[in-house]
Amino acid sequence: MRRINGTAFIIAALVATVGALAFPVWSYADRSGTGQANLDAGTVNTRWGPLTASDRDLIVRVRLAGLWELPAGQQAIERAPSAAIKEAGDHLIVGHTDLDKRVRIVAAQLGVALPNQPTEQQQGWLQEMTAATGPEYEYKFVNLLRSAHGKIFPAIGAVRNSTRNTLVRQLASDANQTVLDHITILEKTGKVDFDAIANDAANASTASPTGPPPPVPGQPVPSAPVAGPTGDIRTTSRPSPGAPGTVNTGRPDPVDSEGFLQ
């Protein structure tokens, strides 16, 4: 009798152990802390589609970008150390004046509160520019702005890819167009420190480099065949207009049809 009881105890213990191990696997999708749970927890429904925490973060970041880049652009035009810097300042003012109106309309429609002051870091960048003179000013103006634009560029793409909200999707498209224009015009100054940008990106990455092996000096590579449709295929679309080194930012002016911006 004692032997049977001992065996039964061992079996019961094994069943309990297996159950304890299996339960987290069965219930994992419903547990707090998973990707789906985090997405659902920060999401509210709107008539334009679900609004996630990432959506709201992008709306705020678009607003913040204008709050420091507009004065940076104005400063560049007022100082005008060169035609290239003045042109970059002009693009910053035009782009963010337009984008700020769009983001204020979208934020009002979706009930997202917007900041009215740049972040401490952004204020620090403006102070660095203000304190600099001559070539140092040009370097700081171009590279602080180019670095900031380069970092928000992939964030815009990520939200544009995943958002289910039509207003946020359009805002991301508009922001993407503006940011690419500003990146392009800043690079046109010839003062972007690409080595510093590459090193900064490398220091922030933990992943191993991927891609094809490096080329061997003096060893030719086979030419790539043309990629295109086969057969009698007729197309009507054309690549976006714009000369090399330019971005087409033409789009209809934002319309506050519901009167949010009084």
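Tutor: Let us start with the largest cavity, whose lining consists, by class, of seven nonpolar, two polar and one charged residues. This is a predicted model, in which local features need pLDDT of at least 70 and side-chain atom pairs count only at pLDDT 80 or more, while totals for chains, interfaces and linings use all residues. Residues are numbered from 1 along each chain as its sequence is written, and side-chain values use heavy atoms, with hydrogens and water left out.

Student: What makes a residue of the lining nonpolar, polar or charged?

Tutor: Ala, Val, Leu, Ile, Met, Phe, Trp, Tyr, Cys and Pro count as nonpolar, Asp, Glu, Lys and Arg as charged, and the others, Gly among them, as polar. The residues that line the largest cavity are Val62, Ala65, Glu69, His96, Leu99, His149, Ile152, Ile156, Ala175 and Val179, so by this rule Glu69 is charged, and His96 and His149 are polar.

Student: Why is one space called a cavity and another a pocket?

Tutor: On a 1 Å grid over the protein atoms alone, a cavity is a set of points where a 1.4 Å probe fits but cannot get out, whereas a pocket is an open set with protein on both sides within 12 Å along at least five of seven lines; lining residues have an atom within 4 Å of a point. The structure holds one cavity of 30 Å³ or more, and the largest cavity has a volume of about 50 Å³, a volume being the space filled by probe spheres set on the points. H3, H4, H6 and H7 each supply at least two residues of its lining, helices being DSSP runs of H or I with at least four residues, numbered from the N terminus.

Student: How much space lies in the largest pocket, and which residues are closest to its centre?

Tutor: The largest pocket holds about 310 Å³ of space. It is lined by 15 residues, and the closest to its centre are Arg61, Gln121, Gln122, Trp125 and Ala148. H6 gives the largest share of this lining, six residues. The second largest pocket holds about 260 Å³, and H6 also gives the largest share of its lining, eight residues.

Student: How do you know that Asp100 and Arg63 meet in a salt bridge?

Tutor: A salt bridge is a side-chain nitrogen of Lys or Arg within 4 Å of a carboxyl oxygen of Asp or Glu. For Asp100 and Arg63 the N to O distance is 2.9 Å, so the pair meets the rule. Asp100 lies in helix H4 (residues 83-110) and Arg63 in helix H3, 37 residues apart, and both residues are buried, that is, under 20% relative accessible area.

Student: How many salt bridges does this rule give, and which residues are linked in a network?

Tutor: The count comes to 14 salt bridges, and Asp98, Arg102, Asp174 and Arg251 are linked in a network of them. Within it, Arg102 has its closest N and O atoms 2.8 Å apart from those of Asp98, and both residues lie in helix H4, four residues apart, about one turn of the helix. Arg102 also meets Asp174, at 3.7 Å from N to O. Because Arg102 lies in helix H4 and Asp174 in helix H7 (residues 166-187), this pair ties together parts that are 72 residues apart in sequence. Arg102 and Asp174 are both buried.

Methods:
Buried means under 20% relative accessible area, exposed over 50%, partly exposed in between (1.4 Å probe, protein chains only).
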